[in-house]
Amino acid sequence: MQAGLTIAARHTHISPTGFTVLGMGKLGGEELNYSSDIDLLFLSAGADTRYQRLGKRLIDVLTRVTAEGFLYRVDMRLRPWGQAGALVTSVVAHLTYLNRDAQLWEKQALLKARPIAGDMALGESFLAQAEPIIFATDAATVQADVRAMKTRIESHLRKKGRGWGEVKLGAGSIRDIEFLAQYLQLAHGDSHPQVRGRNTLQALARLATHGFITADEHRVLSEGYTFLRSVEHWLQMMHNRQTHTLPTDPHELTHLAQRLGFSGENIGENLVERYSRHTAAIRAVYRHHFFPDDETDVPKNTSPVVQKHLARLAPAYATVFTEADIIRHAALAAKLSPPDRLAVVDAQPLTEGRWQITVVAYDYQGELSLICGLFFAHGFNIHTGHVFTYRPPANRTPRTDDGRRKIVDVFVVSPTADAPAAESLWEAYADDLQSLLRELESDNQTGAQGKLIARLGNLYHQARSDVPTVYPIDIDIDNTGEPQRTILRIDTVDTLGFLYELTNALALAGVHITRVFIGTAGNRVSDELHITDADGKKITHPDRLRELRATIVLTKHFTHLLPRSPNPTAALMHFQQFLSRLFDHPGWTDELVSLEQPRVLAALAQLLGVSDFLWTDFLRMQYENLFPVLRNSAELATRKSKDALQAELSSLLMAEPDDEARISALNAFKDREMFRIDMRHILRYITVSGQFSAELTELAEVVVSAAFSLGWDTLTARHGHPLLADGSPCPVSICALGKCGGRELGFASDIELMVLYAGNGHTDGAARISTAEFFERLVQYLLNAIRAKRAGIFELDLRLRPYGNSGAMAVSFEAFERYYAPHGEAWAYERQSLVKLRPIAGDAAFGEKIVSRRDAFVYTGDPFDVAAMRGMRERQVRHWVVPGTVNAKLSPGGLVDVEYLVQGLQIEHGATNPYLRTTNTREAMSRLAEVGLLRHDDFEPLLAAHKFLRRLINALRMVHGNARDLTVPPADSEEFAFLARRLHYGDDVAQLQADLSAHMQHVQEINARLLK
């Protein structure tokens, strides 16, 4: 631009002194696309008409088409009065226009203005004088005006049939992000000048720093902006013109997806899905700020029919309640209307601070436990209660109601605290009940219980003692007193939330409660429940009655211990699976006695509430393993050394008669020991940082080494020993990479390996094969022998070998040297991955030789390729981070940024300082600090972030049971609350969210500063 102005000045003989060019729009924000117009604004110090000619000549220089093409398309419509206005405006005239005539969008456009050519001081002076005018409009007016402008843009698009795929202007587009950032700057830039900024990403960061958008919103907007701008760039490069619309043709979509780096099958569909996720997340943030008051009306229906109401209830109902009660109940029942009103709550004050609460609702399995649990959650004890359920309608009776079963539950309750309850509290109770019943309406009983348990956890926590008391419970099951229902009578000490626990236990056992009479006397409860199975029949089979009794006893005790579990919902769900296995076990009555011990139940609650994948793995193990693990806490408290593991496994393998039996024994040992180490971590027997990873890594090394030995013995027995071309033995080394190489394995980690051998030749056996084929078969043996129960859990991964999945399974030393040499075919990130290469099995001397060559290839003294690393990180975020979410490993500031920073510094300085060549990230970090390459004020937050992120990833893998699913749940979800408990934050989810944001921001800042 400056060069063009110099040419224009020379041609017109007009000095550019007193003339300035402002870059507007994407040019001003330094955000140009491949095929962008440039928005310009010309200003002069005074009203000199000569500058008009200078401006026209500059535009001609920029836009004239020659044999070599042209420079830029120029847009001058952002000047005062647009195309009708003068091409060059004096500073005074422009300021006057801003004060008197400019519309808000014109002031909004100046947020991106930047002097780029001519008299720069003049441009800066103008912007300084304009700032008070730009930021003078009140927030409400700004919001309404910006929102209206965006609405007009989208309406115009729809009229042209361009509703979908509009990357720049549509719903959830780049313009949503830009307008939101600009609205918030205009609304708050006067009182908080720090949020002002021309560049969109910088503006978003400043708005987040000062609290005008949340950390989650910042992530949604910044990641969405980066993705959409990448799409926009490639669209314009594909078509060599200004375009902002996704193609609808499948071939064009596939081509665009390939340009964006998508791979695999259905990449066009994957691109559309990723685009849709981003735009939906962006639009949600946009609506939150521009449409905060959206509400919907709830329709109501009133038409009571008392006779129909009575016809659907047992005769006892009319004897319990008065005629006035029945009329009121029928009127309440008539108000029900799915899906908007699933329950009605009527509260009547009684004497002595008590309340009579009538709940009329549609009938659902497990509903009574929710009603009782909510009383508990809102701070009420239940003194008495009557629960009735509609019977099925008579076949020949005409119906004027909706035919659905309903309940009429009437309770007398009193507050647990001294303060009397306000009437408004029951409105909150009704809203909560409606929310839970919506989950049941959607057949999501687990979700409903999970929401409730999340609220009850704090109450349990406040009331619990260090040594929980297990009270006896008397159960009488009567199948003679009622013709169609089983009568269950319960007598026990009244404990906190007992009725909730009892009814929840029955719901989990598939028992339907049709009628309940609740009575209390002193500290004891005597309840009578009329129940059926899920089909509405009596429970009479001896096995079913045995299961019912055991379920009540165990769940009564177990639920008292749920607060000790990080995820009570998961614990209850897994507990039912556990019970079904227990009932199938021949010695179940003996096990029942042991399970009633508080210590064993507490350990069981911890186990079952921690991890889906641990429980799933356990179900596939021999059932006998669980009780020894739970009972023998002394064994869990002791770490097994690597030598002890090797000796134990060797003894097991020697006792087996054939290769298949040895492989089975190997995997049983692997599963059992992994489960034991996991349990040590879950029950907090491992407290030293890094020890959990070290124990899992030692187990991996022992298992891989044993499998290698089994494969070696099997193959050499058939083909003889592998030799080099000169007839000498061919050594082999099993090298670990990634987390295994760094001794950093965690929950659900895979095992990244590379198998290298010295060179080709032949075996010396009768069935002679090439040495290369021998080692290919050896690798295949390893893959078949070590069996992962679920993807990503102790699964062997060889994709880091040369050429990845397209390369040979076993790698010759010559191929290794050729591929990773400085001018070899390896990508920068592949050489970087060798930082963690570490021999774990095979010939030790050959392993040292491999490490020496690795050092020569990785620690060359050349600068670390930061640009290649940044490109890799951008692709990782684009491909693997779900829009609007945080990935603990791959999101900006995640674990990968810590590791890449450390590896980058190792590579940068490892040539001159071999002390830095270590595979463990935390050890490398400490060494970098020791030698002064990491300042103390960088080392401490980086180390803290690494520890936090590793703990977070282990917790997430326990939740998901998948090494590759490291998405942090939304902060307002039950899963996030579970994560907080698992990470020992208790109920302080806000602190977890704050720590997550702070650590990731520290990592981003340090990484960006130290790697340039």
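The model is predicted: local features need pLDDT of at least 70, side-chain atom pairs count only at pLDDT 80 or more, and totals for chains, interfaces and linings use all residues. Residues are numbered from 1 along each chain as its sequence is written, and side-chain values use heavy atoms, with hydrogens and water left out. Helices (H or I, at least four residues) and strands (E, at least two) are DSSP runs, numbered from the N terminus.

**Packing of helix 32 and helix 34**

- Two packed helices are described by the angle between their axes and the distance between the axes.
- Helix 32 (residues 813-820) and helix 34 (residues 844-858) have axes that come within 10 Å and cross at roughly 15 degrees. Here, axes are lines fitted to C-alpha atoms, for helices over the stretch in contact, and angles run from 0 to 180 degrees between N-to-C directions.
- Helix 32 and helix 34 are therefore roughly parallel to each other, a term for angles under 35 degrees.
- The crossing of helix 32 and helix 34 is right-handed, which applies if the near helix is turned clockwise from the far one by less than a right angle.
- Helix 32 contributes Phe813, Phe816, Glu817 and Tyr820 to the contact, while helix 34 contributes Phe846, Lys849, Ile850, Arg853, Arg854 and Phe857; contact means heavy atoms within 4.5 Å.
- By class, six nonpolar, no polar and four charged residues form the contact of helix 32 with helix 34. Ala, Val, Leu, Ile, Met, Phe, Trp, Tyr, Cys and Pro count as nonpolar, Asp, Glu, Lys and Arg as charged, and the others, Gly among them, as polar.

**Salt bridges**

- Side chains of opposite charge can pair when their charged atoms come close.
- The count comes to 47 salt bridges, each defined as a side-chain nitrogen of Lys or Arg within 4 Å of a carboxyl oxygen of Asp or Glu.
- One of them joins Asp478 and Arg489, whose closest N and O atoms are 3.3 Å apart. Asp478 lies in strand 10 (residues 473-478) and Arg489 in strand 11 (residues 486-493), so the pair ties together parts that are 11 residues apart in sequence.
- Asp478 is buried, with a relative accessible area of 14%, whereas Arg489 is partly exposed at 30%. Buried means under 20% relative accessible area, exposed over 50%, and partly exposed in between (1.4 Å probe, protein chains only).
- Arg927 and Glu923 meet in a salt bridge of 2.5 Å, N to O. Both residues lie in helix 37 (residues 921-930), four residues apart, about one turn of the helix.
- Arg927 is buried, with a relative accessible area of 18%, and Glu923 is partly exposed, with 33%.
- Arg1009 forms a salt bridge with Glu1005, with the closest N and O atoms 2.7 Å apart. Both belong to helix 40 (residues 989-1010) and stand four residues apart, about one turn of the helix.
- Arg1009 is partly exposed at 27% relative accessible area, and Glu1005 is partly exposed at 40%.
- A network of salt bridges links Arg935, Asp937, Asp938, Glu1005 and Arg1009.

**Individual residues**

- Glu166 is placed in the loop between helix 7 (139-159) and helix 8 (174-188), and is buried, with a relative accessible area of 1%.
- Not counting residues up to four places away in sequence, Glu166 touches Leu157, Ser173, His244, Thr245 and Tyr275.
- Gln307 is found in helix 13 (residues 306-311) and counts as exposed, at 61% relative accessibility.
- Gln307 and Ile327 are 20 residues apart along the chain, and their C-alpha atoms are separated by 9.4 Å.

How values were computed
Parallel < 35°, antiparallel > 145°, perpendicular 65-115°, else oblique.
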